Amino acid sequence: MKYILLPCFLVLFLNNIQAYEDNPFVNFEWKELAFIPPATGKAVQPGIAGAFIGIHNDALIIAGGANFPGAAVWEGGEKVYHRDIYILEKKEDGSYQWFDGQAFALPQKAAYGLAIETGDGLACLGGMDGEQLLDDAFLLRWDPENKKATTSPLPPLPMPMANMCGGKIENRIYVAGSLDADSSKHFWSLDLSAPEAGWQILPPWGGAPRTHAFGAVQNDGEDNCFYLMKGRFRGTKDTSTLLTDTWAYHPKTNSWIEIRPESEAGRFTLAAGTAVAVGANHIMLFGGDDGRTFNRLERLGADIEAEKDGARRRQLIAQRNDILQNHPGFSRNIWAFHTITQTWARMSVLPSGSQVTTTALKWGNNIVIPTGEVAPGVRTPRIMAVELSHKDAFGFLNYLILFIYLALLVALGFFFSKNQHSTDDFFKGGNRIPWWAAGLSIFGTQLSAITFMAIPAKTFATDWLYFFLMMTIIMIAPFIIRVFLPFYRRFNLTTAYEYLELRFNLPTRLVGSTMYIFLQLGRLGIVLLLPSLALSVVTGIDVNVCILTMGILSIFYTVMGGIEAVIWTDVLQVVVLLGGALLSLVLLYFSLDGHEVSTYIAQYDKMKILDLNLSFSNPTLWVVVIGGLTTNLVTYGSDQTVVQRYLTTKDEKSAAKGIMTGAWLTLPATLIFFSLGTLLFVYYRSNPELLNPALDKTDAIFPWFIVNSLPPGVSGLLIAAVFAASMSSLDSSMNSMATVVTTDFLRRLRPVKSESAYLKTARGITILVGIIGTGLALMMASWGISSLWDQFNMIVGLFAGGLGGIFLLGIFSKKANGPGALIGLLASGILQYLIKEHTSIHLLMYAFTGMFLSILIGWMASLIAGGQEKGKIALTYSGLKNNKENGKT
């Protein structure tokens with residue numbers, strides 16, 4: 001049967017791959033947002049080209065620019081430069097209001113300069129006034145309360161310049177441009193946090209000089225880079241050279257990388273259009289001049305200037321004017337460049353004439369293209385807006401499978417509810433869990449939906465440098481079995497933090513438990529929100545529906561079935577996720593050309609697995625191994641979510657087999673997920689038109705592939721598994737937090753309730769934790785405060801390594817005591833913050849530095865404090881080993 005099914009799946013998969021001229025999955029919904037009003041005293045507004053354009057305080061600013069207000073250029077009309085400032089504000093009812101014209105004005109007339117949004121206003125740079133190039137630089141701000149536009153000076157440019165491009169990375173703006181007079185190339189930056197230091201002259205790109213180029217800042221999979229794309233350059237020649245190349249500037253290395261178009265799709269010429277960064281990794285080009293008519297006009301202009309014969313000169317002028325008057329307009333193509341695969345694809349076409357010498361920008365959910373030039377000398381006053389949306393490709397069959405899968409999870413909760421008679425059943429499954437199921441659950445607990453999406457996304461965007469990070473789980477497992485597991489099993493503990501009281505004192509236990517609760521609270525909202533955002537983008541299901549579905553179902557079956565339901569749903573999740581991922585890998589591999597796979601992998605060094613540089617700021621081998629070992633030591637040694645699985649099997653030997661099972665599963669899983677990411681790179685390198693420019697996170701690339709490229713049914717099952725993976729993370733946290741609160745606080749501090757009361761309380765806490773987690777995810781989705789939540793997680797996370805450190809301190813040091821352990825934990829967190837703020841050490845090393853500092857300071861503080869009880873020595877590793885040798889339990 002398997003030999004029949006695989007070819008069938010492959011045929012269905014290949015049928016989904018077609019040669020699309022435009023993107024088949026994205027809607028471009030266009031509308032006319034507004035029209036620039038006529039200036040004061042004028043009856044008509046012809047539109048403006050070359051204005052300073054941007055968003056500040058949620059208002060659209062259009063300042064300066066040039067046009068032909070009197071007569072058309074072919075009728076001898078003269079170009080007029082302006083200093084008027086137009087402001088378009090959104091009103092509460094969704095309409096728009098203009099604050100126009102001559103009420104506000106620039107310091108002088110200017111057009112064809114560069115405007116960069118800074119957050120503190122528009123940085124308006126250079127340009128020309130009709131007589132000369134300008135080196136002026138200033139911030140243009142809009143005060144929405146006083147309805148007033150103001151300017152403040154910035155250091156002038158190193159030299160006058162116009163028709164350049166630029167962008168902002170962190171707090172620094174970058175400008176790239178060239179001068180016709182001497183064919184020189186210039187690249188400058190200005191630190192906005194210290195503008196008094198002036199402009200820094202940086203090395204220019206290695207290609208030809210250029211003006212009217214496209215410029216944008218976008219992430220290349222690792223860092224934000226400035227992209228300089230296409231353009232034209234005339235210099236002292238009669239006609240301009242149209243360019244096809246792209247250059248990427250990397251601020252970290254202060255260097256440029258050339259990106260040459262390798263296919264016909266990328267060899268188009270374009271200039272004077274407008275570019276905007278879209279989604280996680282796309283730069284979109286809206287229209288522009290392809291140069292064919294422009295070069296004809298340039299040649300005619302040169303011939304007119306050189307022609308001495310009056311009649312012939314008039315004939316050439318008439319020919320030029322005919323072209324101008326009947327100009328077909330500029331290119332209407334919408335192109336997208338993907339920074340990771342370094343590919344071009346045509347996404348769509350503009351609904352009407354292309355607007356050039358303007359600026360595309362993001363305003364809310366829209367990309368806005370205000371005013372500009374629609375033909376030589378012809379402007380438009382309209383402001384166009386487009387919203388990108390995903391075409392629903394999920395389908396009835398996939399929804400049906402998702403419903404059946406989620407219903408099965410609920411049924412598991414019902415099935416195991418009959419076994420929940422005590423907290424021992426609810427928290428430890430009555431020690432009925434088979435070792436292999438415990439092992440799959442340990443593995444599944446760590447394989448969250450975020451991990452399921454993030455690992456393929458990481459190798460899609462980069463390489464295999466993090467491979468050995470995953471392998472450290474296998475390396476650390478024997479240490480966990482030998483050192484940590486005996487304490488948890490032989491002392492019949494329910495939570496990991498009970499050991500801290502046995503070894504140190506009650507305050508240390510309560511601090512450890514409290515820290516675990518805060519760590520889980522910091523995790524709950526994120527593990528629901530991030531997968532929901534990705535699923536919403538790729539399936540079209542509302543993000544709030546995703547969050548509520550996962551939250552409510554997780555609460556239900558966890559409350560009903562306790563840890564047994566949690567573990568068996570983990571088992572189902574692991575089987576479906578790994579099986580689905582393996583099927584995706586097979587289908588993906590057989591859909592690709594073998595020569596393309598080997599060529600692209602070698603060309604882009606996608607299989608790079610080792611970095612032997614002696615650096616602790618990058619993911620070198622030393623950082624990956626040291627950071628991975630300590631991170632997994634903390635997780636597998638002191639995290640209640642994982643430790644609780646050790647306590648569900650019948651004995652210590654079974655628990656050890658479960659730990660090794662979960663550890664060794666990381667090897668095939670890592671190979672599958674890393675290979676998936678690499679093949680996804682090759683797949684979308686070959687089919688760039690199938691990428692979705694609206695994806696806000698690179699992590700959504702695998703779910704996007706699942707929904708839009710896998711056969712119906714298979715994609716439904718895998719998306720259901722992503723739901724289940726999120727729910728697995730949530731249900732594990734709910735049950736473990738209920739265990740900690742009930743055991744470490746209620747049972748320990750108020751040991752008067754009956755077993756049935758404790759069980760009821762544990763279920764109530766589970767419901768409360770689930771509601772809090774779901775509520776946090778909904779709040780972040782609605783209010784957009786995930787950045788604040790990230791800060792909370794960062795602060796709490798600074799203590800995670802230290803918490804693991806005090807476990808090791810207690811296990812291996814006979815001198816350690818409670819006061820010393822608490823001092824070590826607190827000092828470790830403070831020093832971790834200083835390390836984060838004042839060093840460039842890689843984040844993988846935080847677990848190591850936190851653990852090391854906690855152990856060192858805790859040990860020294862214990863020596864100074866003294867007072868170690870001799871009876872506590874039996875609770876150290878050497879004491880436990882001696883007891884075992886003497887035949888004691």
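Arg172 is partly exposed in this predicted model, with a relative accessible area of 22%. Its salt-bridge partner is Asp191, and the closest N and O atoms of the two residues are 3.8 Å apart. Asp191 lies in strand β14 (residues 184-191) and Arg172 in strand β13 (residues 172-179), so the contact ties together parts of the chain that are 19 residues apart in sequence. Asp191 likewise counts as partly exposed, at 22% relative accessibility.

A second pair is formed by Asp289 and Arg232, whose closest N and O atoms are 3.9 Å apart. Asp289 and Arg232 are both buried.

Glu373 and Arg379 form a further salt bridge, with 3.6 Å between the closest N and O atoms. Both of these residues, Glu373 and Arg379, are buried. Elsewhere, salt bridges with shared partners join Glu501, Arg509, Asp744 and Arg748 into one network. Over the whole structure, the search finds 18 salt bridges. Side chains of opposite charge can pair when their charged atoms come close.

The cysteines present another picture. A disulfide is a covalent bond between the sulfur atoms of two cysteines, and a search of the whole structure finds zero disulfides. For Cys124, the reason is distance: the closest cysteine sulfur, in Cys165, is 16 Å from its own sulfur, which is too far for a bond. Cys124 is buried, with a relative accessible area of 0%. Cys546 is also buried, with a relative accessible area of 0%.

Definitions and conventions
Residues numbered from 1 in each chain as written. Predicted model: local features only at pLDDT ≥ 70, side-chain atom pairs only at ≥ 80, totals over all residues. Heavy atoms only, no water. Disulfide = S-S within 2.5 Å. Buried < 20%, exposed > 50% of the residue type's maximum accessible area, 1.4 Å probe, protein only. Salt bridge = Lys/Arg side-chain N within 4 Å of Asp/Glu carboxyl O. Helix = DSSP H or I, 4+ residues; strand = E, 2+ residues; numbered from the N terminus.
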